[in-house]
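Q: Hi! I have a model open on my screen and would like to talk it through. Can you help me find my way around?

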Amino acid sequence: MSRVIDRGAMPFVASLLLLFGTAPAHGAANTAKPLQVFAAASLADAFTELGHLLEQRQPGLRVRFNFAGSQQLATQIEQGAAADVFASADERWMDYVRERGLLAGEPTVFVHNRLVVIVPATNPARISKLQDLAKGGIKVVLAADAVPVGRYSRTVLRNLSRTDGFAADFAPKVMKNVVSEEENVKSVVSKVQLAEADAGFVYRSDITPAVARYLREFEVPASANVVAGYPMALVKDAPAPEAAKAFMDLVLSAEGQQVLQRHGLMPLVANGP
Amino acid sequence: MADPASRPPRPSLASFAVLVAGTLLLAFLALPFVGLLLRVSPREVLARLGSAVVLDALRLSFVTSIAATAVVVVLGIPVAWLLATREFPGKRVVEVLVDLPMVLPPTVAGFALLMAFGRAGLAGRGLAALGISLPFTTLGVVVAQVFMAVPFMVGPARASFASLDRKLLDAAATLRARETFTFFHVALPLAMPGLLAGVAMSGARSLGEFGATITFAGNLPGSTQTMPLAVYVALQSDLDAAVALSVLLLVMAFGLLLGLRAAPAGSFWGRLDARAPGR
C-alpha cells in the first residue's frame with residue numbers, strides 16, 4: 001500500500017472514491033417516480049393540501065411541488081426540468097410553454113383569482129381608501145411586469161384611472177410611488193407584512209391565515225378588477241403521467257374546488273360559465 | 001513509511017489521482033462559463049450594452065460596489081489588525097461573527113438586515129426618526145453588499161498581518177514608534193499584497209451580490225437594480241438579454257480578480273518588498 005500511494009495524496013484518492021462510489025447508489029434509490037407539480041407561487045397553500053390528499057388516496061405516491069413565479073417555471077420547463085403538471089397564474093406563460101411544443105395535453109382553466117390591495121395592519125401611511133395610493137411619498141410594491149400578478153396589477157391600475165371617483169392620472173401617480181418590482185407575489189406579501197412597504201397589489205388568495213393578522217385588505221371595485229384564469233396542463237414527456245392525471249382530476253373535482261375556494265381562490269362553478 | 005528509492009522513477013497512483021481530480025475540477029468550473037460565452041456573440045453583448053436598463057444597472061453596480069468596498073476597507077482593516085495582533089476575551093465570538101456572512105444564505109442575510117435596519121427593525125426605527133430609510137434605496141444596496149463582503153476583506157488582511165515578521169514590528173517599537181506609526185509605515189506597506197487580495201475579493205463579492213440585495217433593498221431599475229438583479233429579471237422574460245448581461249458580469253469579475261492578482265507581482269509592490277529588510 002505505502003509503495004503505491006504516498007500518504008500525502010490519500011485525501012485526494014479518498015475523495016475520488018467517494019465521488020464515484022456514491023454515484024450509482026443514487027440512481028437505484030428512487031424506483032417509484034414522484035409526481036412533480038410546477039405551480040404558480042399563489043397556489044402554494046391550496047396545492048400543498050391537495051397534494052397531501054392525493055398521497056393519502058394513493059399510498060406509495062409522493063407528490064413534490066415546485067412553487068415559483070409562473071414565468072420562472074416556464075423557463076425551467078423550457079430548459080428541460082422534469083415536470084409532470086404545469087399550473088400557471090396566467091395564459092401568457094402557459095402559451096409560452098405550449099408554443100415551444102412542451103405540453104402533452106390542452107390547458108384547462110381550473111380556478112380564478114382576483115386582485116386586492118394590502119397594507120400592513122399598522123398602516124404606517126394611514127391609507128383609508130384606494131385613492132390614497134396616489135398620494136406622494138407612499139411606498140407601493142408591485143410584482144415585476146414579467147410576473148402574471150405584476151401585469152394584472154398594471155391592468156387594474158389603468159382600469160381604476162377610468163373609474164368614477166378616481167383621477168385620470170391615478171395609474172401614473174401610483175407607478176411613481178413604486179419602490180420595488182418583486183420577482184413573485186409572495187415577496188410582495190412579505191414586504192408589506194414586514195411593514196417595509198405601505199401597500200402592495202396581490203391576489204385575494206395570498207391573504208392566507210398565516211399572514212392575515214399582519215395585513216389589512218382593500219377590495220378593488222369589481223368593474224376595475226381582473227379575473228385571472230389559472231390554466232394547468234400535462235407536460236410533454238412527463239415522468240409520471242398517470243399520477244399527473246389523477247392530480248388534475250382531483251383539482252377539478254368538487255372536493256378539489258372546495259379546497260381551492262377555502263384558500264381564497266374562486267372556484268369554476270361559482271364564477272359562472 | 002514510503003520507500004524513497006522507488007518514488008522518482010514511476011509516476012505514482014497518487015500523482016495520477018491529482019491529475020484526474022484537477023482536470024475534473026477545472027472542467028467543472030470552466031464549462032458553465034464556456035457555455036455562456038458560446039451562447040451569444042460579442043456583438044450581441046455590445047449591442048445590449050447600449051440599452052437604458054443595462055446602463056442603469058451597470059452604473060448602479062459600479063457605484064455601489066465601489067462604495068461598499070471602500071466601507072469594508074475602512075472598517076475591516078483595523079479589525080483585521082486587531083485580530084492578528086491581540087488576544088482578548090471574546091475573540092472567538094468576534095471571529096465567528098466576521099465569518100458568518102460568508103456561510104449564511106444571502107437571502108437570510110437580507111432578511112436579518114430587514115429585522116435590524118428595516119423600517120420596523122431594531123435600529124431602523126431610530127434611523128427612521130433621523131429621516132434615514134434604507135430598504136428600497138441605493139444606500140440599502142450598499143449596506144447589503146458591505147454585510148456580505150466583510151469576511152472577504154478581513155480574512156486575507158488578517159492572514160497578511162499575522163504573517164508579518166514580528167521582529168520588524170518590534171524593532172519599530174524599540175525605536176519608540178507609536179503603534180499608529182508602525183501600523184501605517186511598517187505593517188500596512190508590508191501587508192499590501194494581502195490587503196489588495198482582500199480588496200479584490202470583497203469588491204468582486206459586492207459586484208456579484210444578489211440575494212441580500214433583492215431581499216433587503218428590493219428591485220427597481222435605476223435605484224436598486226444592480227447587474228445581478230437585472231440578469232435575474234431578464235432571465236424570466238428575455239433569455240438573450242440575460243445571457244448578454246451574464247457575459248458582461250463574467251468579464252468584469254474575471255478582469256477584477258485577474259488584475260488585482262497580477263498587481264502584487266508587479267514592479268510597484270515588488271519594489272516595496274525589495275525595500276523591506278531581510279527579503
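**A chat about the model**

A: Happy to! Let's start in chain B: leaving aside residues up to four places away in sequence, Leu245(B) touches Arg48(B), Val54(B), Met227(B), Ala230(B), Val231(B) and Ala234(B). Do keep in mind that this is a predicted model.

Q: Which residues touch the most other members of the largest nonpolar core?

A: Leu245(B) is one of them, along with Val85(A), Phe86(A), Val140(A), Ala199(A) and Phe247(A). The core has 140 residues, and its largest share, 14 residues, comes from helix α7 of chain B, residues 138-162.

Q: And where does this core lie relative to domain 1 and domain 2 of chain A?

A: It lies between them, because both domain 1 (35-112 + 229-262) and domain 2 (113-219) give residues to it.

Q: Nice. Now chain A as a whole: how many helices and strands?

A: Chain A has 10 helices and 9 strands. Of its 273 residues, 47% are buried. Among its contacts with a separation of 6 or more, 76% join residues 24 or more positions apart.

Q: I'm looking at α2(A) and α9(A). At what angle do they cross?

A: Roughly 120 degrees, and their axes come within 10 Å. Angles from 65 to 115 degrees count as roughly perpendicular and those over 145 as roughly antiparallel, so α2(A) and α9(A) are oblique to each other. Their crossing is right-handed.

Q: Which residues make that contact?

A: From α2(A), Leu50(A), Leu53(A) and Leu54(A); from α9(A), Ala246(A), Phe247(A), Leu250(A) and Val251(A).

Q: Switching topic: why is helix α3 of chain A largely enclosed?

A: Because 7 of its 9 residues (the helix spans 70-78) are buried. Those are Ser70(A), Gln71(A), Gln72(A), Leu73(A), Ala74(A), Thr75(A) and Ile77(A).

Q: What covers them?

A: The cover includes β1, β2, β3, α4 and α5 of chain A, together with α12 (227-235) of chain B. Just after α3(A), Gly80(A) has a positive phi of about 95 degrees.

Q: Last one: is Asp237(A) buried or exposed?

A: Exposed, because Asp237(A) has 11 C-beta neighbours inside 10 Å, and 12 or fewer counts as exposed. Asp237(A) sits in the loop between β9 (227-234) and α9 (241-252) of chain A.

Q: How far apart are Asp237(A) and Leu115(A) in space?

A: They are 34 Å apart, C-alpha to C-alpha, and 122 residues apart in sequence.

How values were computed
Residues are numbered from 1 along each chain as its sequence is written. Chains are lettered from A and ligands numbered from 1 in the order in which they are written. This is a predicted model: local features need pLDDT of at least 70, side-chain atom pairs count only at pLDDT 80 or more; totals for chains, interfaces and linings use all residues. Helices (H or I, at least four residues) and strands (E, at least two) are DSSP runs, numbered from the N terminus. A residue is buried if 20 or more other C-beta atoms lie within 10 Å of its own, exposed if 12 or fewer, and partly exposed in between; C-beta atoms are placed from the backbone. Two residues are in contact if their C-beta atoms, placed from the backbone, lie within 7 Å. A nonpolar core is a set of buried Ala, Val, Leu, Ile, Met, Phe, Trp, Tyr and Cys residues joined through C-beta atoms within 7 Å. Domain bounds come from an automatic or database domain assignment. Axes are lines fitted to C-alpha atoms, for helices over the stretch in contact, and angles run from 0 to 180 degrees between N-to-C directions. Angles under 35 degrees count as roughly parallel, over 145 as roughly antiparallel, 65 to 115 as roughly perpendicular and the rest as oblique. A crossing is left-handed if the near helix is turned anticlockwise from the far one by less than a right angle, and right-handed if clockwise.
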